[in-house]
Amino acid sequence: MTVIERPSIDFLTRPKRLFIGGEWVDGTDTFLTSDPATGEVLAEIPVAGPAQIDQAVEAARHAFDNGWRDMAPTERQRLIWGLGDLLDQHKDEFAVLEVLDNGKPLWEAELVDIALSIEILRYYAGWATKIHGDLLPNSIPGLISLRKREPIGVVGAIAPWNFPLLEIIYKLGPALAAGCTVVGKPATWTPLTTLRFAELVNEAGIPPGVINIVTGPGPEVGAAIASHPGIDKVAFTGQTSTGQEILRQAIPTLKRVSLELGGKSPNVVFADAHREAAMAGAFGGAFFNQGQACVAGSRLFVEDAIADEFAEELTEKAKGVCLGQGLNPDSQMGPLVSASHRETVKGHIATAAGGGAEIVAGGREAVVDGLEGGYFLEPTVVDRVTNDMTVAQEEIFGPVVSILRFTDWEELISLANDVRYGLAAGVWTSDVNKALKFADAVRAGTVWINTYGMFDVAVPFGGHKMSGFGGRELGEEALDAYLQPKSIWIDTEAVIPTQGQGISR
């Protein structure tokens, strides 16, 4: 395969600094971020120390208290929309940076990561002028009761590495529309697009301190954000275990927390499904973004009548995948995000093989000519899996799909729900009643019928059970995580003069 030379991007040559209060600030240390397709260093990234975290929170608090929360909604709308326009103008550069830092194919970065980021900013820009309260009925004559919805304050937004910029924008869009200010932290492995995005903030005219970006390791920088008394809310996407730790860190200050966490999604193929569509959905659901997706359809339930044939076809399809650099148009799948993550995924595959499952495709490191330093792994199909195996229960976050067979409805629903996660699910069938019955029975926040992995900015996303907590992302519902209600009483007739108190009667 042809090796693509690293594109010349001016941003990569510039020193990287923290973005705090509209200015660029030095960190206390640095770390390196690398191209997972080659293993080569891309840039040196600053580490925010306690002083810089304090500075970022203070800048966000000042911006919140002195203009942003009280800014005319039409003006907030204009500024957020302008930020989306700037991102649109530089979308090609951002897509390439995402590929270099994360490893995903360029088409994924263009059509998903960057395109959806732009649409989120524009969508929530529109919501800035539509957040409203209510006139509430009460049972006391002469009294009027109102409910306002006010911005919660300073938000700590902590993003994962699988969709680096998009996951920050998921949180920025509704937070800014609601009138909140933000201290954002990208994942350690993939900070580049978020730092480049920070360069657009001043250009868009966003007031200093409204958006602040700090970088560094999660156990230090992320923990400092989660526990900081000046942060009013934390929005986190990532591992379930990390989300649990963030909850613990937030307890002393009782700050609001919203978590979008792991998944182990069942993707179900009935014998009456459209075979070609179901195969495409099974393949894409498992291997999109190298399987590094919380919604990955990694538990593939296939009705027993077609299971052998379906497994054989999926195996051959996986074996034919072309691995390579994300910038190479011939590449169907890129590398995993890091060497250590590849080792983690390999460990899960070894555990599956040791537990009695059959590795029928992949399962090994892949060496791509000219990219010997890259973190490639063959797309892996594991057959003869039972639901009690670790490979069927634990989130692998890599290109690994497990095939489980089922024969009847009760068995399917029991197995599909027998996992601690409840993020998403898919079902493939020509029987609409069966599909809707499955959608009702499965415990998941999103169900796809005869499709998989579809997202739209207007449709809320989030999970049940240990896949989510504290709210949704996308859609109107996402605003609720950044707003808090306030009840207001007005006595228009002095009907309760005694001590100014009364109850409904």
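I started with the largest nonpolar core, which has 111 residues. Core here means buried Ala, Val, Leu, Ile, Met, Phe, Trp, Tyr and Cys residues joined through side-chain atoms within 4.5 Å; buried is under 20% relative accessible area, exposed over 50%, partly exposed in between (1.4 Å probe, protein chains only). The residues with the most contacts inside this core are Ile120, Phe197, Ile211, Leu300 and Phe310. Helix α6 (residues 164-178) supplies the largest share of the core, 10 residues. Helices are DSSP runs of H or I with at least four residues, strands are E runs of at least two, and both are numbered from the N terminus. Apart from that core I found another, of 28 residues, including Val268, Ala352, Ile396 and Ala425.

Before going on, I wrote down the ground rules. This is a predicted model, where local features need pLDDT of at least 70 and side-chain atom pairs count only at pLDDT 80 or more, while totals for chains, interfaces and linings use all residues. Residues are numbered from 1 along each chain as its sequence is written, and side-chain values use heavy atoms, with hydrogens and water left out.

Next I picked Ile120 and listed its contacts (heavy atoms within 4.5 Å). Skipping neighbours within four places in sequence, Ile120 touches Leu166, Ile169, Tyr170, Gly173, Val457 and Leu474.

Then the rings. Phe, Tyr and Trp (its six-membered ring) pair if their centres lie within 6.5 Å; planes under 30 degrees apart are stacked, over 60 edge-to-face, and the rest tilted. I get 13 aromatic pairs by that rule. Tyr123 and Tyr124 make an edge-to-face one, at 4.9 Å centre to centre and 90° between the planes. Tyr124 is buried, at 0% relative accessible area, whereas Tyr123 is partly exposed at 21%. I also noted one aromatic cluster made of Trp448, Tyr452, Phe455 and Phe461.

Charges over rings came after that (NZ of Lys or CZ of Arg within 6 Å of the ring centre and within 35 degrees of the ring normal). Lys434 has its charged end over the ring of Phe270, 4.4 Å from the centre. Lys16 lies over the face of Phe11, at 4.7 Å.

Last, the whole chain. I count 15 helices and 22 strands. Of the 505 residues, 57% are buried. The C-alpha trace spans about 80 × 60 × 40 Å along its principal axes.
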